[in-house]
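Subject: A structure for you to look at

Hi,

Here is the structure I promised to pass on to you. Please open it beside this email and follow along as you read.

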2 protein chains.
Amino acid sequence: MTAVLKLGGSLLTEKDTPETVDEAALADAVAAIADAVDSRGDARGVTSDDAGSDGERPTGDDRLVLVHGGGSFGHHHAAAWGVSTTAGTHEAEAVRDVHRAMTELDDRVVDALLDQGIPAVPVRPLSVGARDADGDLSLPLDATRTLLTEGFVPVLHGDGVAHAGEGVTVVSGDELVVRLARELDADRVGACSTVPGVLDDAGDVIDRIDDFDAVADLLGGSDATDVSGGMAGKVRALLDLPASAYVFGPEGLRAFLEGGDPGTRIG
Amino acid sequence: MTAVLKLGGSLLTEKDTPETVDEAALADAVAAIADAVDSRGDARGVTSDDAGSDGERPTGDDRLVLVHGGGSFGHHHAAAWGVSTTAGTHEAEAVRDVHRAMTELDDRVVDALLDQGIPAVPVRPLSVGARDADGDLSLPLDATRTLLTEGFVPVLHGDGVAHAGEGVTVVSGDELVVRLARELDADRVGACSTVPGVLDDAGDVIDRIDDFDAVADLLGGSDATDVSGGMAGKVRALLDLPASAYVFGPEGLRAFLEGGDPGTRIG
């Protein structure tokens, strides 16, 4: 079972204070992940202290890839330099600012995971991927795949990415989740943010979406050019996946990791 | 013209003091690189301040990729955890220790380059590559290639790398240089360390080596299993490249970048 889980930047950071982690939210999310990873490890008879130096690696039946967004770390640097998923920069200082801020957030996330015994290893999209002149992203996953089969939990994040003709543009956590889910044949995809799911007009969580047209008006974005990461684009991309996808808030994280149906099921 | 230049870890760091940069050596190396990059930019009528936001990117006729070793940053962590190019670890803390130390050194190198107007962008091998069970390295260069054509100077470094069956092993700067030279069809390859070239019995620099057997005894390592990064293995790997390769000390750096023949020419 391969699961791809995104922790939203809005969940992990204090939105209104630049480069500040929401420590309580990070700790809660990591605790939920640790419980799930532990129970999987126990079921395989693998202890977290020494899961492999004896050569008996788990076969990797249960694999987890994490992705997180930028929240108050990456976005303000990108905005200050005028960089988006389509508008690039040739200024190496801009690339540094965005990448360093995201690396700093990611180091905090990885440290929190390691502290709870989760074998997290960072994978930085700026080092891996490239967009062609049409903006299409290549993202060779050699490192991610081998880290997974060796029992690690790869952690990717929104980042800069080389872009033919544009210099460096942004790749969002949402784009990475969809790409990873497809290329890794993920069984389950989760997007955990601060909202409990996709909401209807009355502010209630929609249980399930399996037809974009049925909710397009509600989501306010049937425009196919929506690349802003808004809910409409996210739902459309998740609907296109063969995997079961879920959009949920922090209270749904344990249920997602245990195989349940939190928040809104998409597809 | 594509050049791949390695700056040895022994050159950039204080060997006997853990995680200490040799500031003078780094500054000298960066100054030499900045002069070479500036003169190339001037020849194309490209200024370093704004070389591309108007859409008139250089065509990338002159491309430079940098690689650096670990010196006193990476090696002692790798040694402490018992990790080498062939002996791996499944401990995520070990991966973190090696990778963070190398990232810290690389950030210092990138900052020094940026301060001199060189558009350096880090590319972290741990995020990119993977070894199969035989130790063969895959290293997809999508990001590196596009960064190059967009006018950036990619900076790679010795790092951990996922390794099937071993967890994570080490990839050395020397291994990266040879791989990059081959896959990027480099015209020139330089290895700058603290010694002025490959030395003969009398301690004098050998001008040129074009036959390994002729120097095997001298280098003390005709053993084909030498993967330690020793001089014998380095010379053998550089001889196999179609590019002209040079091994030189810091005093040869400007000559290498200007198209000269410093130190020992190999091949």
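Below is what I found, going from the two chains down to a single side chain. Please keep in mind that this is a predicted model.

**How the two chains sit together**

Let's start with the whole assembly. Two copies of a chain are related by a rotation about an axis and a shift along it.

Next, have a look at chain B. It holds an open sheet of 8 strands with mixed pairing, and the order across the sheet is S3-S6-S2-S1-S9-S11-S12-S10. The edges are strand S3 (120-122) and strand S10 (208-209) of chain B; each has a single partner strand, so one side of each is left without a neighbour in the sheet.

S3(B) pairs with S6(B) in the parallel sense, over 3 bridges. Within this pair, B:Ala120 lies opposite B:Val153, and B:Val121 lies opposite B:Pro154. Strand S2 (residues 63-68) of chain B also runs parallel to S6(B) and is joined to it by 3 bridges. There, B:Leu66 has B:Val155 as its bridge partner.

Is S6(B) enclosed or open? It is largely enclosed by the rest of the structure, since 5 of its 5 residues are buried. B:Val153, B:Val155 and B:His157 point one way from the strand, B:Pro154 and B:Leu156 point the other way, and all are buried.

**A pair of helices in each chain**

Two packed helices are described by the angle between their axes and the distance between the axes. In chain A, helix H3 (residues 71-81) and helix H4 (residues 92-115) pack at an angle of about 170°, with axes 8 Å apart. That makes H3(A) roughly antiparallel to H4(A), because an angle over 145 degrees counts as such. Residues that meet here include A:Phe73 and A:Trp81 from H3(A), and A:Val98 and A:Leu105 from H4(A).

In chain B, H3 (residues 71-81) and H4 (residues 92-115) also pack at about 170°, with their axes 8 Å apart. H3(B) and H4(B) are therefore roughly antiparallel to each other.

**One lysine to zoom in on**

Finally, go to A:Lys6, which is found in strand S1 (residues 2-7) of chain A. Is this lysine, A:Lys6, buried or exposed? Its relative accessibility is 10%, and buried means under 20%, so A:Lys6 counts as buried. Its side chain makes a polar contact of 2.9 Å with the side chain of A:Asp174. Leaving aside residues up to four places away in sequence, A:Lys6 touches several others, including A:Val67, A:Gly69, A:Val177 and A:Cys192.

Enjoy exploring, and write back with any questions!

Best wishes

Definitions and conventions
Residues numbered from 1 in each chain as written. Chains lettered and ligands numbered in written order. Predicted model: local features only at pLDDT ≥ 70, side-chain atom pairs only at ≥ 80, totals over all residues. Heavy atoms only, no water. Pairing = 2+ DSSP bridges. Helix = DSSP H or I, 4+ residues; strand = E, 2+ residues; numbered from the N terminus. Buried < 20%, exposed > 50% of the residue type's maximum accessible area, 1.4 Å probe, protein only. Polar contact = N/O pair within 3.5 Å; in protein donor to acceptor, adjacent residues only side chain to side chain. Contact = heavy atoms within 4.5 Å. Axes fitted to C-alpha atoms, helices over the stretch in contact; angles between N-to-C directions. Parallel < 35°, antiparallel > 145°, perpendicular 65-115°, else oblique.
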